[in-house]
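Here are my notes on this model, written as a set of numbered points. Please have the structure open beside you as you read.

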Amino acid sequence: MSLEARKIRLLMQLRRAGITDTAVLAAIEKVPRERFVPPSFRDQAYENIALPIGLGQTISQPEVVATMTQALEATRRHTVLEVGTGSGYQAAVLSRICRRLYTIERHADLLKEAEARFAELRLHNITWRRGDGSRGWPEPRRFDRIIVTCAAELTPEPLLEQLQEGGCLILPVGGQGRTQELLRLRKTKDGIRQEELGFVRFVPLVADPVERRSAG
Ligand code: SAH
């Protein structure tokens, strides 16, 4: 079966799984997932599975990417932050939906490959940085939407601070080897409202150690 035929099959699977947002489906149709996976996995690029991308990290399952993207409710007017660039696939999908996409990754090598893919695909509305995304974007900035693609034990406070009122944050919460839950947190003028979106499995969010001040 050709990659094109496999892609059509995947899009049908996503529709059956409840992905109805046409902007999300169109973005997934447009972004060539085979360019975001190692060459040896290219023929599996349109299977509904997560695949390894090196350094113990994975490109998420297409259904999870689609579910999170749909839940984010992003539009052309929105500035979005992603924590965990990885292969750059989720960033590429989102960049076709939102106005500008900021993405942060702790592994320099993964980021370098993602950068090359953004250039090759002429995705000019993406800004990337190497760093610890649990601390938020390194410069003060507000985001209309935030998506975290690695699992934290708790919601990182700086992300809630950088979220615009009226905006939402999608993230998996839970430890490794335990159940992780996908959450949508909406920032309202009365505080944070939480919704549970189902169970998922993500690689861990690894926060840089906070520098300790030595006593003496
Ligand atoms: N969105 C990615 C999924 C990558 S897996 C894709 O579409 O391919 C999650 C990524 O989060 C990994 O690349 C991992 O290195 C990164 N990560 C983990 N902890 C992080 C942190 N504190 N800050 C930034 N990136 C982090």
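Which residues in α1 meet which residues in α2? Before the reply, a word on the ground rules. This is a predicted model, in which local features need pLDDT of at least 70 and side-chain atom pairs count only at pLDDT 80 or more, while totals for chains, interfaces and linings use all residues. Residues are numbered from 1 along each chain as its sequence is written, and side-chain values use heavy atoms, with hydrogens and water left out.

1. **The helix pair.** On the α1 side we find K7, L11, L14 and R15, and they meet L25, I28 and E29 in α2. By class, this contact has 4 nonpolar, no polar and 3 charged residues. The classes run as follows: Ala, Val, Leu, Ile, Met, Phe, Trp, Tyr, Cys and Pro are nonpolar, Asp, Glu, Lys and Arg are charged, and the others, Gly among them, are polar. Contact here means heavy atoms within 4.5 Å. Helices (H or I, at least four residues) and strands (E, at least two) are DSSP runs, numbered from the N terminus.

2. **How the two helices cross.** Helix α1 covers residues 3-16 and helix α2 residues 22-30; their axes come within 11 Å and cross at roughly 160°. The axes are lines fitted to C-alpha atoms, for helices over the stretch in contact, and angles run from 0 to 180 degrees between N-to-C directions. α1 and α2 are therefore roughly antiparallel to each other. That label is for angles over 145 degrees, with under 35 being roughly parallel, 65 to 115 roughly perpendicular and the rest oblique. The crossing of α1 past α2 is right-handed, a term for the near helix being turned clockwise from the far one by less than a right angle, with anticlockwise being left-handed.

3. **L11 in that pair.** L11 belongs to helix α1. With 8% relative accessibility, L11 counts as buried; buried means under 20% relative accessible area, exposed over 50%, and partly exposed in between (1.4 Å probe, protein chains only). Setting aside neighbours within four places in sequence, L11 is in contact with L25, I28 and E29. From C-alpha to C-alpha, L11 and G131 are 33 Å apart in space, and 120 residues separate them in sequence.

4. **The sheet.** An open sheet is formed by 7 strands, ordered β5-β4-β3-β6-β7-β8-β9, with mixed pairing. Strands count as paired if DSSP finds at least two bridges between them. β5 (126-130) and β9 (191-200) stand at the edges with a single partner strand each, so one side of each has no neighbour in the sheet. From one strand to the next, the twist averages 15°.

5. **Two pairings to look at.** Strand β8 (residues 180-188) and β9 run antiparallel and are joined by 8 bridges. In this pairing, R184 has E195 in β9 as its bridge partner. β3 and β4, by contrast, pair in the parallel sense over 5 bridges, and L81 stands opposite Y102 in β4. β4 is mostly covered, with 5 of its 6 residues buried.

6. **Helices on the sheet.** Helix α3 (residues 62-72) packs on the sheet, where it touches β3 (79-83), β6 (143-148), β7 (163-173), β8 and β9, and its direction makes about 160° with that of β7. Helix α5 (residues 108-120) lies across β4 (100-105) and β5, running at about 165° to β5.

7. **Backbone points worth a look.** E73, in the loop between α3 and β3, has a positive phi of about 55° although it is not a glycine. At 35% relative accessibility, E73 counts as partly exposed. R122, in the loop between α5 and β5, also has a positive phi of about 55° and is not a glycine. R122 is exposed, its relative accessible area being 65%.

8. **H78.** The loop between α3 and β3 also holds H78. Its relative accessibility is 9%, so H78 counts as buried. Beyond neighbours within four places in sequence, H78 is in contact with E73, C98, R99, R100, D144 and R145.

9. **The start of the chain.** M1 lies in the segment before α1 and is exposed, with a relative accessible area of 61%. Not counting residues up to four places away in sequence, M1 touches R6 and R9. M1 and R142 are 45 Å apart in space, C-alpha to C-alpha, and 141 residues apart in sequence.
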